[in-house]
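Please read them with the sequence and the coordinates open beside you.

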Amino acid sequence: MPLLYYLILSGILFGCGVAGFLIKRNIITIFMSIELMLNAVNLSFVAFAAQWRAFSGQVFVFFVMVVAAAEAAVGLAIIIAVVRTRETLNVDDVNLLKL
Amino acid sequence: MTPNLHLWLIPVLPLAGAAINGLFGRRFSRQIVSAVALAFAGAAFVWALWIASQFSSLTSAPYHETLASWIRAGDFRADFAFYLDQLSLVMLLVVTGVGFLIHLYSVGYMWEEGGFYRFFCYLNLFMFFMLTLVLASNYLLMFIGWEGVGLASYLLIGFWFTKDSAASAGKKAFIVNRIGDFGFLIALFLLIKHFGSLNFDQVFASVTPLSPETQGAGLLTSIALLLMLGACGKSAQIPLYVWLPDAMEGPTPVSALIHAATMVTAGVYMVARSHVIFDRAPAALMVVAIIGTLTALFAATIGITQTDIKKVLAYSTISQLGYMFMACGVAAYSAGIFHLMTHAFFKGLLFLAAGSVIHAIGGEQDMRKMGGLRTKIPWTFWTMTAATLAIAGIPPLAGFFSKDEILWQAYSSQYGSWVFWLIGVITAFITSFYMFRLWFMTFFGEYRGASGEEHEHAGHGTHLGRNDADALASHGHGGIHESPKLMLIPLVILAVLSVVGGWVGSERFDRFLSPVFHPNSTVIVGSPMGTPPPAVPEQRNENLSESLMTAISVGVAALGFLLAWLLYYRRRDLPGKIAHALGGLYQAVLNKYYVDELYATLFVKPLVDGSSKLLWRGIDQNVIDATVDNSTEVAQQISDTARHMQSGNLRSYAGWVAAGAAVIIVYMVWIGVR
């Protein structure tokens, strides 16, 4: 399997993640799109690591997964708080993030 | 052994008076204010007299006194230093003497005025600057005094500053003088550039070896002409005389002191002081003589038609100043200074007496509403008669001697010409005519003004509203009344001086001033290079023609009297008919040859239009203001756009993040490709 295939798959996944992140209004979907982008990056990390036989790339993937897990915990907690106070998942209705 | 004269006291004393009255006068009573002003002005006069008594014992003729160093830049030095020679001594005595008398008179005249302390503060301040001007030992200090008297003149013309005409007259005087000062300043710069000094001694020492600029005009001619421009402004000569008639808006004592006796003669003094330069610039001398002669005639003709008593005297002052410049222009400086002195006596007296007349009839200045005042105010009448005879040149009064000397010099001097003499004689005739016209109109015939009772009412209320300068000086008490003693004493003293002031004789006066005007060194050093400056007038049939000319000038004075007697006493209907017959010419003279209107069209209007339309609306509003306004507009629009980027909408933030990332990626790819 050449490296290019992995990178193309990684790019497609990342593109889907960006598109979903920009287009979708449901905050859960946006959250999942972010996860998709992270994992697309993880895929390219491991692909390069296998190609160059370098373990640092694989170690990095673990770090990313740990951070993503932590982020998921915090993010879901915030989403639950938002849903409780506003009773909506639509990000367009949550527009107080400004001065 | 030269005694220490403490010259500095003379200017500083009035300054102290001005400071005391200016700072604390508001709390003082009128008595204290006048006591302070009189004490300091009087002390200056007494000190000047003491100096005069010491003067003959001085060993070194120009007495120097350096008070403090002022400007030292490289080789250039200008100090607070005073300089006393025969010329400044004469000026000193005239300024302090006449000044003190007018202070005395003002106490009576201004007694009922508001701003009493302010008036005396300005008056003392004027004395300070005038004495600085006269005593200065370098041109720069002289210029300080020169500007200072201009300031005092401005303040005093606009003394009744709530009146629009007085305020604008003050501004006019100040602005017209700026034009002259511009010339004076350029002359000073030229002196610094070419002689490296402004001290009289050094400048004159450097100029003396130079030969007269007979072939074409050079440096000295330009300096002399620029100095003359300054003198034209200060001494109200053509073309800058227009401010002086308007300056009559000030209180009458101010007109007497500043605009007749002292300040306006500063130009004559300056030209006489700079005679070393003028002597070596024949072309400039010619210009001085022509300006003086023309001014003398021109102003005198306007004087015939004026009906305001102070305006007649104002034009008469301009005319007499013209005589002084005529004398300076033919290098007869001592004759000019002699006339300056006698003129200070009789013109100061004329103004004070006119003030007394105005005071007597409750603020009226129009001669057509006077008449028959001879018996009602006898003291004023007799002193005014002395002054009128003096200015008309009737022997043996002061004006006769000085004017006769000027006319003789205008004819016989090396630079003289019969043209100057002829115009001078014609002017003498006109002078005599308009002065006796004033005299007859004011003191003879029937009283043509409002009656005493009406005056009383007018004096109480409506005068403030009238457009009449000295209406404000009017008292509440009705009827025609002689002025208080305080005003009459200066009148009498000046009348005595007007009578005897000329008896010193022009030759003795000339001999007294000769160390200033004909120093031996000038002739000796100047002679090898060309014609020397005139030491003595040429001797051509002197005795015969001089007495003939004296007879002629006395004759025209008498003729003027007769004509005035005929027109304004005997046949009162004639002047109206003559004026009617002359038609347009009379109108032109009555309107002062439309010079004010001409200046308004030529200079004032383009300036006002240029500054209001072009500079204000054009450049200031359309360019400078517009730039500022537009840049704020642009900043506002940009920030308005930028403000909307922060919408609070998460998805737009996400978009910006994505866009930013895209830009970075594109940039990295571009770098990689390159």
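1. In this predicted model, helix α3 of chain A (residues 55–86) has 32 residues and spans 46 Å from its first C-alpha to its last, which is close to the 46 Å expected at 1.5 Å a residue. The helix is hardly covered, since the count of buried residues among its 32 residues is zero. Just after α3(A), the backbone at A:E87 takes a positive phi of about 55°.

2. As for the meeting of the two chains, the contact draws 11 residues from chain A and nine residues from chain B. On the side of chain A that touches chain B, the residues divide into eight nonpolar, one polar and two charged. For the complex, the predictor gives an ipTM of 0.83 and a pTM of 0.78.

3. Chain B contains 27 helices and two strands, and its C-alpha atoms fill a box of roughly 115 × 75 × 55 Å along the principal axes. Of the 674 residues in chain B, 50% are buried. If one takes the contacts in chain B between residues at least 6 apart in sequence, 80% of them join residues at least 24 apart.

4. Helix α17 of chain B (residues 398–412) packs against helix α18 of chain B (residues 418–443) at an angle of about 155°, with the axes 7 Å apart. Because of that angle, α17(B) is roughly antiparallel to α18(B). From α17(B) the contact uses B:K403, B:I406, B:L407, B:A410 and B:Y411, while α18(B) supplies B:W418, B:F420, B:W421, B:G424, B:V425 and B:A428. Sorted by class, the contact of α17(B) with α18(B) has nine nonpolar, one polar and one charged residues.

5. B:L422 and B:T293 are 129 residues apart in sequence, and their C-alpha atoms are 9.8 Å apart in space.

6. Which residues does B:P515 touch, leaving aside those up to four places away in sequence? B:P515 lies in helix α21 of chain B (residues 506–517), and, not counting residues up to four places away in sequence, B:P515 touches B:A61, B:D85 and B:Q86. With 14 C-beta neighbours inside 10 Å, B:P515 counts as partly exposed. B:P515 and B:I10 are 505 residues apart in sequence and 23 Å apart in space, C-alpha to C-alpha.

7. On confidence, the mean pLDDT of chain B is 86, and 92% of its residues reach 70 or more. Within chain B, confidence is lowest in helix α22 (residues 520–526) of chain B, at a mean of 40, and highest in helix α11 (residues 266–273) of chain B, at 94. Over residues 452–477 of chain B, pLDDT stays under 50, and the model has 47 contacts beyond four places in sequence for them. Over residues 521–540 of chain B, pLDDT likewise stays under 50, with 28 contacts beyond four places in sequence. Where pLDDT is low, the predicted coordinates should not be read in detail.

Definitions and conventions
Residues numbered from 1 in each chain as written. Chains lettered and ligands numbered in written order. Predicted model: local features only at pLDDT ≥ 70, side-chain atom pairs only at ≥ 80, totals over all residues. Axes fitted to C-alpha atoms, helices over the stretch in contact; angles between N-to-C directions. Helix = DSSP H or I, 4+ residues; strand = E, 2+ residues; numbered from the N terminus. Parallel < 35°, antiparallel > 145°, perpendicular 65-115°, else oblique. Contact = placed C-beta atoms within 7 Å. Nonpolar A, V, L, I, M, F, W, Y, C, P; charged D, E, K, R; others polar. Buried ≥ 20, exposed ≤ 12 C-beta atoms within 10 Å, placed from the backbone. Expected span 1.5 Å × (residues − 1). pLDDT = per-residue confidence, 0-100.
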